[in-house]
Structures are given as C-alpha cells and as structure tokens.
Amino acid sequence: MTSKPQLNPALKLVLDLGPLLIFFAANSRFGIYVATGAFMAAILIALAVAYALTRHLPIMPLVTAVVVMVFGTLTLVLHDELFIKVKPTIIYVLFGGVLLVGLAFGKSLLGLVFDSVFHLTEEGWRKLTVRWALFFLALAVLNEIVWRTQTTDVWVSFKVFGVVPLTFLFAALQYPLLTKYAAPEAAPTEPAQATE
C-alpha cells in the first residue's frame, strides 16, 4: 500500500490558518459580509493547493469547506450574519458527533484522519478519539456562548486568537498519550501536530 503524499508541515499550517487570518483581516477592514466572501474564496484556494500538491483532499478540511460554502452563501444571500456565526458550532458538533458515533460502532474514525501522521494502539486511538470528540463539543458550546454574548468583531477575534491557540494547546497536551500508546512497530520519533 503506497502512502499518500504529505504536505510540508509549514505549508499545511499556512493552508489551515490562512483562510482564518484572511477572514479576520477582511472583517476588521470591510465588515463581516466581505470577510465571509473572502473566507469562502480562501478556503477553496487552500483546498485546491492541497489537492494540487497531494492529489487527495483531507477529510476534515473538505467537510469544513462544504459547511463554509453552505453557511457562507446563506450569510451573503440572506444578508444575515447569524449563519456564519453558527457555522463553527455545526462543524464542531458534526466532528464530535461523528467521532462518538464511530466509537459506538467500534471504529476510531480519528485514526482514519491522523493515521499517516502517527500510529497508535487500538486503546490509544479510542482514548484520543474520545478526547478530541469532547474537545470539539466543548468548542461548539464555547462558540455559542461567544457569538450570543459578544459583538461580531469580538467573535471573529475569538475564532482566530481563541480557538486556534486552544486547539494547539489541546493537541500539545495529547503528546503523553501519543507516546504512551504508540504502536510498537511504528513508534513516533517526533511530536505530531494535530489541528482542527
């Protein structure tokens, strides 16, 4: 079985965070509706670049892009920022729910997403999947609290300067689990980064 080509980690980070930074910059200068359009375009460009370099589309960014397109379009067509604000909640609940449902059926779907990055035992995948599922659901609750109680500008800032650092911190805190449950035949030699 041939392994899929992988993106350079620095480029992957740019493709993951670039659209969010563009969203933040466009919102601060032009407002939420221009920012939403710019975000949609940036997501599509990031996906296209990833596909051009690897000839496959990662599952999580692909699902995120579909939801962004649907809710971004609703935001622009109906001129209602509610849709773009609810979009992260939908994505987080979707990811968290899918991971938990997968576990209920005895499948660690997180393993399918991260398998090329690191290798874990069955118990390791199960524990890591539960942690990520609960983290996604916690982010969903947090997103709902922030957009319902704060201004649009504060919510946009929270998406960039709140969710991103929280995700990196959470991923870093999983490193002891990754080392404890590393599969013997393929123990990781360096810390793996996991992003939302």
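Reading from the N terminus, the chain's elements go α-α-α-α-α-α-α-α. That makes eight helices and zero strands, with helices (H or I, at least four residues) and strands (E, at least two) taken as DSSP runs and numbered from the N terminus.

This is a predicted model, in which local features need pLDDT of at least 70 and side-chain atom pairs count only at pLDDT 80 or more, while totals for chains, interfaces and linings use all residues. Residues are numbered from 1 along each chain as its sequence is written, and side-chain values use heavy atoms, with hydrogens and water left out.

Confidence, then. pLDDT is the predictor's confidence in each residue, from 0 to 100. The chain averages 88, and 89% of the residues score at least 70. Among the elements, helix 6 has the highest mean pLDDT (96) and helix 5 (residues 109-114) the lowest (73). Over residues 186-196 pLDDT stays under 50, although the model has 24 contacts beyond four places in sequence there. Where pLDDT is low, predicted coordinates should not be read in detail.

On to the packing. Of the 196 residues, 41% count as buried (under 20% relative accessible area; exposed is over 50%, partly exposed in between, with a 1.4 Å probe and protein chains only). Of the contacts (heavy atoms within 4.5 Å) with a separation of 6 or more, 71% are between residues 24 or more positions apart.

Here are two helix pairs; axes are lines fitted to C-alpha atoms over the stretch in contact, and angles run from 0 to 180 degrees between N-to-C directions.

| Helix pair | Axes come within | Crossing angle |
|---|---|---|
| helix 1 and helix 2 (residues 32-54) | 8 Å | roughly 165° |
| helix 4 (residues 82-104) and helix 6 (residues 122-149) | 8 Å | roughly 160° |

Helix 1 is thus roughly antiparallel to helix 2 (angles over 145 degrees), and helix 4 and helix 6 are roughly antiparallel to each other as well. Handedness is left-handed if the near helix is turned anticlockwise from the far one by less than a right angle, right-handed if clockwise. The crossing of helix 1 and helix 2 is right-handed. Their contact divides into 19 nonpolar, two polar and no charged residues (Ala, Val, Leu, Ile, Met, Phe, Trp, Tyr, Cys and Pro are nonpolar, Asp, Glu, Lys and Arg charged, the others, Gly among them, polar). Helix 4 and helix 6 cross left-handed, and their contact has 17 nonpolar, five polar and three charged residues.

Finally, F24 sits in helix 1 (residues 9-30). F24 is partly exposed, at 25% relative accessible area. Leaving out residues up to four places away in sequence, F24 touches V156, S157, V160 and F161. The C-alpha atoms of F24 and S157 are 6.7 Å apart, though 133 residues separate them along the chain.

Terms used. Angles under 35 degrees count as roughly parallel, over 145 as roughly antiparallel, 65 to 115 as roughly perpendicular and the rest as oblique.
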